[in-house]
Amino acid sequence: MGERLLIDSHGRVLRDLRVSLTDRCNFRCLYCLPETEAARNFYRGHWAHMPNPAPIAQQWVPKSNILSFEEIERAVRIAVGSGIQKIRLTGGEPLLRKHAEELVARVSAIPGVTDLAMTTNGFLFPEKARALRQAGLHRVSFSLDSLDRGNFKKITGRDGLNEVLEGIRLAQEIGFHPVKVNAVIIRDINDGEIEALAGFARERQLSLRFIEFMPLDSARAWQKEMVVTGSEVLGRLQRRFELRPAGTETPSSTSKRWMFPDGQGEIGVISPVSEPFCGHCNRIRLTADGKIRTCLFSVTEHDLRSRLRGGGADEAIAGWLEEVVLQKEARHHIGEPDFVPPPRSMSCIGG
Ligand code: SAM
Ligand code: SF4
């Protein structure tokens, strides 16, 4: 199996697998999984004149369909045997999965995993931080869209700013480096905090990524007018701070990076909507219920779970995976008349 590679029909070699541990979440972010009608309308109302597709009727995956740690470990081992090198654990909220550190230990022990990262909302991180580090997690990214307690609550549906800040502090204290922070900026909701978030990254020596809002929310309230583009974010930051380009990008990197002159902290701008990077995309995803997704915006999923549970040999599954990735989409079609949003929201896809 050592000679295998996952190459799609556009010549892209796939190296990065995102693994969702659960579709459940303890937060209810407006742009992902808004909880109440008020939350859905909170931003939908701004652009009420625009027609939207119907909201997704949220259906939680039955527990029996969620992959076990053994199954995830096997899937990762097969993928790594086919050239995958980077693994990111995500969700839903990955730390809602009991004993997530046990999975981290299993995955970090797989030869060929060169990078093992996690994306978390950070709320449960303080109680898990040391165990995750000891289990071999290399990197952690936190989601933090506001430094204002009231706005944080409005966006996430939870009064959890202090816990998340404590999680970030602790991650740095126990040696995760760099600690990344992701902020999704939505017009009229948190675009007033762009400079404050950047100032926070500088002060705390964090690597902050501004991410454009994508049409993956369960409310299907996304409108392009709500997207604060990466170039708008950058323009605002350049008016406030002196920023220098931070090194060369790897070809598959999604973010344009900038640093402050004193080298403290780093800013990145990820623009999947306004400047798609599909041509360099080297990712595939494994959902919590064992489906392979070849694009964030795929409308088709490929059933790995039944193969893992059906007694097939690793070699046969690796061959199947090679066929599946041939179907990786060339690019997304956001903003175009033929765009069809995926049937599941970001929390189910695994962001
Ligand atoms: N619960 C974890 C968290 O929030 O970090 C991990 C899963 S979450 C789906 C992964 C990332 O997706 C987060 O950084 C979140 O901000 C981002 N995200 C969710 N919905 C999004 C959307 N509609 N557009 C852009 N980014 C989104
Ligand atoms: Fe949960 Fe993350 Fe989605 Fe927020 S972005 S609702 S924390 S999965």
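## Basis of the report

Contact means that heavy atoms lie within 4.5 Å. The model is predicted, with local features requiring pLDDT of at least 70 and side-chain atom pairs counting only at pLDDT 80 or more, while totals for chains, interfaces and linings use all residues. Residues are numbered from 1 along each chain as its sequence is written, and side-chain values use heavy atoms, with hydrogens and water left out.

V179 is placed in the loop between α6 and β5 (180-185); helices (H or I, at least four residues) and strands (E, at least two) are DSSP runs numbered from the N terminus. V179 counts as buried because its relative accessibility is 3%. The term buried applies under 20% relative accessible area, exposed over 50%, and partly exposed in between (1.4 Å probe, protein chains only).

When neighbours within four places in sequence are left aside, V179 is in contact with V140, F142, I168, A171, Q172, L206 and S207. From C-alpha to C-alpha, V179 and S141 are 6.2 Å apart in space, although 38 residues separate them in sequence.

## Helices α4 and α6

Two packed helices are described by the angle between their axes and the distance between the axes. Helix α4 (residues 125-135) packs with helix α6 (residues 161-173) at an angle of about 20°, and their axes are 9 Å apart. This makes α4 roughly parallel to α6. Axes are lines fitted to C-alpha atoms, for helices over the stretch in contact, and angles run from 0 to 180 degrees between N-to-C directions; those under 35 degrees count as roughly parallel, over 145 as roughly antiparallel, 65 to 115 as roughly perpendicular and the rest as oblique.

The crossing of α4 and α6 is right-handed; a crossing has this hand if the near helix is turned clockwise from the far one by less than a right angle, and is left-handed if anticlockwise. On the α4 side the contact is made by F125, P126, A129 and R130, and on the α6 side by E163, E166, G167, L170, A171 and E173. By class, this contact of α4 with α6 has five nonpolar, one polar and four charged residues. Here Ala, Val, Leu, Ile, Met, Phe, Trp, Tyr, Cys and Pro count as nonpolar, Asp, Glu, Lys and Arg as charged, and the others, Gly among them, as polar.

## Helix α8 and its partners

In helix α8 (residues 230-240), the buried residues are G230, V233, L234, G235, R236 and L237. The buried residues of α8 pack against α7 (194-204), β6 (207-212), β8 (255-259) and β9 (266-270).

With α7, the packing angle is about 65° and the axes of α7 and α8 are 10 Å apart. The two helices α7 and α8 are therefore roughly perpendicular, and α7 passes α8 in a right-handed crossing. I194, E195 and A198 in α7 meet V233, R236, L237 and R240 in α8. The residues of this contact of α7 with α8 comprise four nonpolar, no polar and three charged.

## The largest nonpolar core

The largest nonpolar core has 103 residues, of which V76, I87, F210 and I267 touch the most other members. The largest share of this core, seven residues, comes from α2. Such a core is a set of buried Ala, Val, Leu, Ile, Met, Phe, Trp, Tyr and Cys residues joined through side-chain atoms within 4.5 Å.

Beyond its neighbours within four places in sequence, F210 is in contact with residues including A183, I194, V233, L237 and I267.

Conventions
Chains lettered and ligands numbered in written order.
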